[in-house]
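Work through the exercises below with the sequence and the model at hand. Try each task before reading its solution.

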Amino acid sequence: MNLFLWYPKCSTCQKAKKCLDEKNISYQMRDIKEEPLSKEEIVKIIQNYKIDLKKLWNTSGILYRQKNLKEVLQTMSENEKIELLASDGMLVKRPIFMSEGQIRIGFKKQEWEEIK
């Protein structure tokens with residue numbers, strides 16, 4: 001099953017959705033603000049796709065800046081970071097597309113056009 005995590009009001013997420021739709025890729029859509037990733041899902045993403053937790057942070061987001069996370073994260077354990085990330089979907093970099101064996105985090109058109 002393909003999963004597309006997005007925030008509908010985000011123009012970048014809308015571009016990613018358009019790209020998937022133009023390629024006729026089927027997916028289950030999930031609003032990351034309304035239904036954030038759980039701690040378990042975050043751990044699975046890190047393990048299954050072998051990515052660094054850093055890639056999941058929405059470093060350009062308002063909430064990231066308000067909480068001064070650039071500094072705060074340096075003193076947190078990985079478990080604390082995962083809990084914080086799971087606490088609010090707006091902390092997560094978006095859009096995210098996951099399918100068997102592939103993941104895309106953030107929208108770079110060329111990378112998304114390679115999705116099969």
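Contact here means heavy atoms within 4.5 Å. This is a predicted model, in which local features need pLDDT of at least 70 and side-chain atom pairs count only at pLDDT 80 or more, while totals for chains, interfaces and linings use all residues. Residues are numbered from 1 along each chain as its sequence is written, and side-chain values use heavy atoms, with hydrogens and water left out.

**Exercise 1. The surroundings of N58**

Task: Find which residues N58 is in contact with, leaving aside its neighbours within four places in sequence.

Solution. Start with the position: N58 is found in the loop between α2 and α3. Helices (H or I, at least four residues) and strands (E, at least two) are DSSP runs, numbered from the N terminus. Next, list the contacts: N58 meets Y64, M90, L91, V92, K93 and R94. Then check the accessibility. Buried means under 20% relative accessible area, exposed over 50%, and partly exposed in between (1.4 Å probe, protein chains only). N58 has a relative accessible area of 10%, so N58 is buried.

R94, one of these contacts, is joined to P95 by a cis peptide bond, with omega about -5 degrees. P95 itself is found in the loop between α5 and β3.

**Exercise 2. The two sides of α2**

Task: Sort residues of helix α2 (residues 39-49) into buried and exposed.

Solution. First, the buried residues in α2 are I42, I45 and I46. Seen down the axis of α2, the buried residues fall within an arc of 95 degrees, so they line one face of the helix. The arc is that of the directions from the helix axis to the C-beta atoms. An α-helix has 3.6 residues a turn, so residues three or four places apart point the same way.

Second, E40, K44, Q47 and N48 are exposed on the other side of α2. Third, look for the cover: the buried residues of α2 are covered by elements including α5 (78-87), β3 (96-99) and β4.

**Exercise 3. How α2 meets α5**

Task: Describe the packing of α2 and α5 by angle and axis distance.

Solution. Axes are lines fitted to C-alpha atoms, for helices over the stretch in contact, and angles run from 0 to 180 degrees between N-to-C directions. On this basis α2 and α5 pack at an angle of about 120 degrees, and their axes are 9 Å apart. That makes α2 oblique to α5. Angles under 35 degrees count as roughly parallel, over 145 as roughly antiparallel, 65 to 115 as roughly perpendicular and the rest as oblique.

The crossing of α2 past α5 is right-handed. A crossing is left-handed if the near helix is turned anticlockwise from the far one by less than a right angle, and right-handed if clockwise. As for the residues, K39, I42, V43 and I46 in α2 meet E78, I82, E83, L85 and A86 in α5.

**Exercise 4. After the end of α2**

Task: Compare K50 and I51: which is buried and which is exposed?

Solution. K50 follows α2 and is found in the loop between α2 and α3. Its phi is positive, about 50 degrees, although K50 is not a glycine. At 72% relative accessibility, K50 counts as exposed.

I51 lies in the loop between α2 and α3 (62-66). At 13% relative accessibility, I51 counts as buried. Not counting residues up to four places away in sequence, I51 touches I45, I46, L56, I103 and I105. I45 and I46 are among the buried residues of α2.

A further positive phi, near 50 degrees, occurs at N68, a residue other than glycine. N68 is found in the loop between α3 and α4 (69-72) and is partly exposed, with a relative accessible area of 40%.

**Exercise 5. Aromatic rings**

Task: Classify the ring pair of F4 and W6.

Solution. Rings of Phe, Tyr and Trp (its six-membered ring) pair if their centres lie within 6.5 Å; planes under 30 degrees apart count as stacked, over 60 as edge-to-face and the rest as tilted. The count by this rule is six aromatic pairs. For F4 and W6 the ring centres are 5.7 Å apart and the planes are at 35 degrees, so the pair is tilted. F4 is buried, at a relative accessible area of 0%, and W6 is buried at 11%. Ring pairs link F4, W6, Y27, F97, F107 and W112 into a cluster.
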